[in-house]
Amino acid sequence: MSACRPRRTGRRRLVLFAAGAAAASLTLSACGEGTSGGSAQTRFVQGKNGIATVPKADRQPAPELSAQTTTGTKKLSLADYKGKVIVLNVWGSWCGPCSAEAPNFAKVAGETKGKGVQFLGINTRDTDKTPAVSFEEEHKIPYPSLYDPEGKLMLRFPKGSLNPQSVPSTLAIDRHGKLAARSLGPLTAADLHKMIDPLIAEK
């Protein structure tokens, strides 16, 4: 009996180590910069600044997204902003890079408000609205966010499209409701303008 015990203990340690490594890997990929991916159907161009763009003729429609907002009980839909350039930012109150980029989003949202641009957030993995609302108040976020605690909205993006693969992720949607650009990771105000300004100029 005693000869079996070290084997069981060693096996248990190996299992615990493997589980810990997997959890650490998940934590790292859950918040911070991700890696862009895609397929032959995606047809995006990866810029040196980490922003992927899709030529106008190759863009795919954005999925239907609707949910309660972080501050209300009524549902808000992506379709409510039809005809506008939409900047969709996936964030969480628990995410350090999200906190770092938040002032940039608030700034550029104000600068582009009169140019047919609508910013919209997707708050994810906050199991309660309270920290999400506190985050928005602290960073003076002037636009609404869809509340998505289980990350279900992120799964609605079609496979092979520009889809959010990390937190934070930012997507730019053109006036025709099609996915035009994506960034995985935090953005500066200048980066945001690089995503948005070409779409504002499109006819």
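The model is predicted: local features need pLDDT of at least 70, side-chain atom pairs count only at pLDDT 80 or more, and totals for chains, interfaces and linings use all residues. Residues are numbered from 1 along each chain as its sequence is written, and side-chain values use heavy atoms, with hydrogens and water left out. The protein has four helices and nine strands. Helices (H or I, at least four residues) and strands (E, at least two) are DSSP runs, numbered from the N terminus.

**Overall fold**

- Along the sequence, the elements follow the pattern α-β-β-β-β-β-α-β-α-β-β-β-α.
- Of the 203 residues, 42% count as buried. Buried means under 20% relative accessible area, exposed over 50%, and partly exposed in between (1.4 Å probe, protein chains only).
- Contacts are heavy atoms within 4.5 Å. Among contacts with a separation of 6 or more, 70% come from residues 24 or more positions apart.
- The accessible surface comes to about 11,300 Å², and 57% of it belongs to carbon and sulfur atoms. Accessible areas come from the Shrake-Rupley method with a 1.4 Å probe; for residues, only the protein chains shown count as cover.

**Helix H4**

- H4 spans residues 189-201, 13 residues in total. Its first and last C-alpha atoms are 18 Å apart, close to the 18 Å expected at 1.5 Å a residue. The expected span is 1.5 Å times one less than the number of residues.
- H4 bends by about 30° at Met195, and Pro198 follows within four residues. The bend is the angle between axes fitted to the seven residues ending at a residue and the seven starting there.
- The buried residues of H4 are Ala189, Asp191, Leu192, Met195, Ile196 and Leu199.
- These buried residues pack against strands E2 (51-53), E5 (85-91), E6 (117-124), E8 (169-173) and E9 (179-184), and against helix H2 (96-112).

**Aromatic pairs**

- The whole structure holds three aromatic pairs. Rings of Phe, Tyr and Trp (its six-membered ring) pair if their centres lie within 6.5 Å; planes under 30 degrees apart count as stacked, over 60 as edge-to-face and the rest as tilted.
- Trp91 and Phe135 are stacked, at 4.6 Å centre to centre with 20° between the planes. Trp91 sits in strand E5 and Phe135 in helix H3 (residues 129-138), so this pair ties together parts 44 residues apart in sequence. Both residues are buried.
- Phe119 and Tyr143 have ring centres 5.5 Å apart and planes at 40°, so this pair is tilted. Phe119 lies in strand E6 and Tyr143 in the loop between H3 and strand E7 (145-148), so the pair ties together parts 24 residues apart in sequence.
- Phe119 is buried at 2% relative accessible area, and Tyr143 is buried at 9%.
- Ring pairs link Phe105, Phe119 and Tyr143 into a cluster.

**Single residues**

- Asn89 lies in strand E5 and is buried, with a relative accessible area of 4%.
- Not counting residues up to four places away in sequence, Asn89 touches Glu101, Phe105, Leu120, Gly121, Ile122, Pro168, Ser169 and Thr170.
- Val133 is in helix H3. Beyond neighbours within four places in sequence, Val133 contacts Thr70 and Thr71.
- Val133 and Asn123 are ten residues apart along the chain, with their C-alpha atoms separated by 9.9 Å.

**Cysteines**

- The structure holds zero disulfides (pairs of cysteine sulfur atoms within 2.5 Å).
- Cys95 is buried at 1% relative accessible area, and Cys98 is buried at 2%.
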